Amino acid sequence: YNISKVDEGKYKITFAIAGFDKNDVEVSCKDNTLKVSGKIKMPKETDYLYKGIAERAFNQSFKLADFTNVIDAEMKDGMLHVNLEQNLPEEKKAKTIKIK
């Protein structure tokens, strides 16, 4: 996965999840913890000559900073994008003090 800053207070977590369908992936958020998991349906037994693609379930958790909300999740071309936004109250934002 990658974590990127999109704009001030906006972030994106991108997962490479080729082979998963929307119905196989779950994104949830509770108590400032983002959880992303995927269950893959195992294909019937195949006699592989070489097996280089891992077909397995995954679970990933992230502890989110205070005042951070999951905006949405989008899946496109084998990539899952989870968009986050941090809405700090004014009293929590850093401020510059003018020196006299």
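First, the ground rules. The model is predicted, and local features need pLDDT of at least 70, side-chain atom pairs count only at pLDDT 80 or more, while totals for chains, interfaces and linings use all residues. Residues are numbered from 1 along each chain as its sequence is written, and side-chain values use heavy atoms, with hydrogens and water left out.

Overall dimensions. The chain has a radius of gyration of 19 Å, whereas a compact globule of 100 residues would have one near 13 Å. That radius is taken over C-alpha atoms, and the globule rule is 2.2 Å times the number of residues to the power 0.38. Along its principal axes, the C-alpha trace spans about 75 × 25 × 20 Å. Of the 100 residues, 22% are buried; buried means under 20% relative accessible area, exposed over 50%, and partly exposed in between, with a 1.4 Å probe and protein chains only. The accessible surface is about 8,300 Å², and carbon and sulfur atoms account for 49% of that. Those areas come from the Shrake-Rupley method with a 1.4 Å probe; for residues, only the protein chains shown count as cover.

Secondary structure. There are 0 helices and 7 strands. Both are DSSP runs numbered from the N terminus, helices being H or I of at least four residues and strands E of at least two.

Now the sheet. Which strands make up the open sheet, and in what order? It has 4 strands in the order 1-2-7-6, with antiparallel pairing; two strands pair if DSSP finds at least two bridges between them. Strand 1 and strand 6 are at the edges with a single partner strand each, so one side of each has no neighbour in the sheet. From one strand to the next, the twist averages 25°, with axes as lines fitted to C-alpha atoms, for helices over the stretch in contact, and angles from 0 to 180 degrees between N-to-C directions.

Going across that order, strand 1 (residues 2–7) and strand 2 (residues 10–16) are joined by 5 bridges, with D7 partnered by K10. Their hairpin has 2 residues between the strands, and G9 there takes a positive phi near 80°. Strand 7 is joined to strand 6 by 8 bridges, and A73 stands opposite V82 of strand 7.

The core. The largest nonpolar core has 13 residues, and F15, I17, L34 and L80 touch the most other members. Such a core is a set of buried Ala, Val, Leu, Ile, Met, Phe, Trp, Tyr and Cys residues joined through side-chain atoms within 4.5 Å. Strand 7 gives the most, with 3 residues. Leaving aside residues up to four places away in sequence, I17 touches V25, F58, M75, G78 and L80; contact here means heavy atoms within 4.5 Å.

Last, two residues other than glycine with positive phi. F67 has phi near 65° and lies in the loop between strand 5 and strand 6. F67 counts as partly exposed because its relative accessibility is 38%. D77, in the loop between strand 6 and strand 7, has phi near 55°. Is D77 buried or exposed? D77 is exposed, with a relative accessible area of 72%.
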